[in-house]
Amino acid sequence: MAGRKIIAICQSGGGFVTNKDGSLSYSGGDAHAIDIDQDTQFDDFKSEISEMWNCSNGAMTIKYFLPGNKKTLITISNDKDLKRMISFHGNSVTADVYVVPGEAAVHGVSTTPASRSSRTTASKAMLPVDVPVDNALDTPVVDIPVDKTPDASLYIKHHKAAKMWENTITGVNQRFSNAHEFRDALRKYSIAHGFAYVLKKNDSHRVTVKCKSEGCPWRIHASRLSTTQLFCIKRMNPTHTCGGAVVTSGYQATTSWIAGIIKEKLRESPNYKPKDIADDLKRDFGIELKYAQAWRGKEIAREQLLGSYEEAYSQLPFFCEKIMETNPGSLATFTTKEDSSFHRLFVSFHASLCVSTSRSITFVADIKKGLRESIAEIFENGYHSYCLRYLTENFKKVSHEVKRLLVSEFYVAAYAPRLEGFRRSIESIKCISPEAYNWVLGLKAENWANAYFGGARYNHMTSNFAESFYSWVSEAHELPITQLVDVIRGKIMELIYERRLESSQWITRLTPSMEENLQKETLKAHSLEVLFSPGSTFDVRGDAVYSVDIDRWDCTCKEWQIMGLPCCHAIAVFECIGRNPYDYCSRYFTTESYRVTYSESINPVPNIERLVEKDSAQAIVKVTPPPTRRLPGRPKMKRVVTQELVKRQLQCSKCKCLGHNKTTCKESS
């Protein structure tokens, strides 16, 4: 059988019809052919089908008939099922495959995907004969007299999503795998037909349901068959006399049901908002959800897809331990508050540690008090450079044109290498806005202006270079904390690999961008005149006279110190005395240093859940989710009043004492 191909004729868009002998036939729709063999993977097969009809993988079920048996539909849900289908068809050249919408049923018979025992037998259900198929809607239509339907207009008003469920309940003797499957079918049936019901009896052995409308005779009773788990409808009155008011609330939509409906869309769109969930369910199923229902449904679906947030926090101690175990030299630590709730997490992989704390380090960040204090406390020789973009956000309450001028002059002042250029720009700001001028004077120039800055920041004036990290966090912020860290780890690994691969092609001594900058300065140096000196200090004449000290790597233009590359004046000196400019470039700009930076890899952390279960007897620190995390459901609108406001005491305006006012003040008598 290996290597033998079979043509799968994939059909969709039609519907099944029950014949008089109980067999099923398929009519309507469209068909496509795909070559498959024993080596074909189920995921590839399903993906190709989804592309044919432009639908989501999770929104369809694939079925086929056994050769010679048109009464039983078999579900294909994995690789083994697909191989069995090919084997069952023996020497046949073709096999008919039916693509059924994921939530659809064949005239009320469950089509829940399963493996070997996933069988759908039409003769087990009480089905009408020759049920017509409405090809315009691509769904089977039950021929029920109009006066017995809840509302004939519902068949037109409801969208295709709800119409798929019209026949999930067909009548007496219909069987279900268990009570849960029956209740799920009942819920879909009520949504499709637009009525609400009341559970009179509801347990694992029996379920009795009646229409919610007073006096309406619609009723159904199902119970478990003895010695089995099968659930069977024993009695049913299908007639509604209430007119079947359209369901306008989420009464029938449980949060677990909502989770099942939205799970696949949430997988594709993690930022699926509760409001959008409510709008989509109203559009597709004709029901209205409260915000809290949509929120809880999303939380359940997300937990099913990603795992529990609470469990992730409890796994944090073990997670940190495994990071350091699998990546020697790394640091992973966390802190909790007094109530054991999560406070902070710090992770630094060894592959990312390329800087020694023994030298001066410059931090380009915003002006927040916490950063100012921590940098000064932990890094004694460190420098805090204020991010220019963050600073310019403070230019408010001015017109767009004025703000544009202020930002432009502020940047000129910040980039100016010499004091005279800095002062000119500051005076320009004063002319534009005295208020902005006063605010700028209140900033410490040594934290943002090149003319005063004492550290080396290599012309990095904003924290834009950290935006890639922030984007990673924003993309993964919905994930449980351990998964969030692992996503960031994966992103860092991708970055390391890309830059390692890119730098392996470089043939220059400096990185390409720095090599280009050095060549530009070299071209400028050709027009300069060097006044020779026997020492290490030289005067260079161009548009002005600049003093270059090659031993101190210093030039009065300040460009050498700011950029970390020799300026044109220094290069002119090197050419005059026969020195190599590359020997006076910051070592951080060399190709060798760049390659060393990205030479190490970050090892993945093994499956935490399995390891925690394996070592569950090991005592670890307890960590619970932070109390500030928003709980499922819409926040309560109850106003929290502080004790100070509740028990506000009177204060006398005369004696200034508490507990009385001036009218009852004893000193006034």
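Is R187 buried or exposed? R187 is buried, with a relative accessible area of 14%; buried means under 20% relative accessible area, exposed means over 50%, and partly exposed lies in between, as computed with a 1.4 Å probe on protein chains only. The structure is a predicted model, in which local features need pLDDT of at least 70 and side-chain atom pairs count only at pLDDT 80 or more, while totals for chains, interfaces and linings use all residues. Residues are numbered from 1 along each chain as its sequence is written, and side-chain values use heavy atoms, with hydrogens and water left out.

The structure contains 17 salt bridges, a salt bridge being a side-chain nitrogen of Lys or Arg within 4 Å of a carboxyl oxygen of Asp or Glu. One of the salt bridges joins R187 to D184, with 4.0 Å between the closest N and O atoms. Both residues lie in helix α5 (residues 179-193), where R187 and D184 are three residues apart and therefore separated by about one helical turn. Helices are DSSP runs of H or I with at least four residues, strands are DSSP runs of E with at least two, and both are numbered from the N terminus. The pair also belongs to a network of salt bridges that links D184, R187 and K188.

The closest N and O atoms of E264 and R267 are 3.3 Å apart. E264 is partly exposed at 28% relative accessibility, and R267 is likewise partly exposed, with a relative accessible area of 49%.

D203 and R206 form a further salt bridge, in which the N to O distance is 3.8 Å. D203 is partly exposed at 31% relative accessibility. R206 is partly exposed as well, at 38%.

The cysteines were examined for disulfides. A disulfide is a covalent bond between the sulfur atoms of two cysteines. Here the term is applied to a pair of cysteine sulfur atoms within 2.5 Å, and by this rule the count is zero. C567 is buried, with a relative accessible area of 3%. C585 also counts as buried, at 6% relative accessibility.
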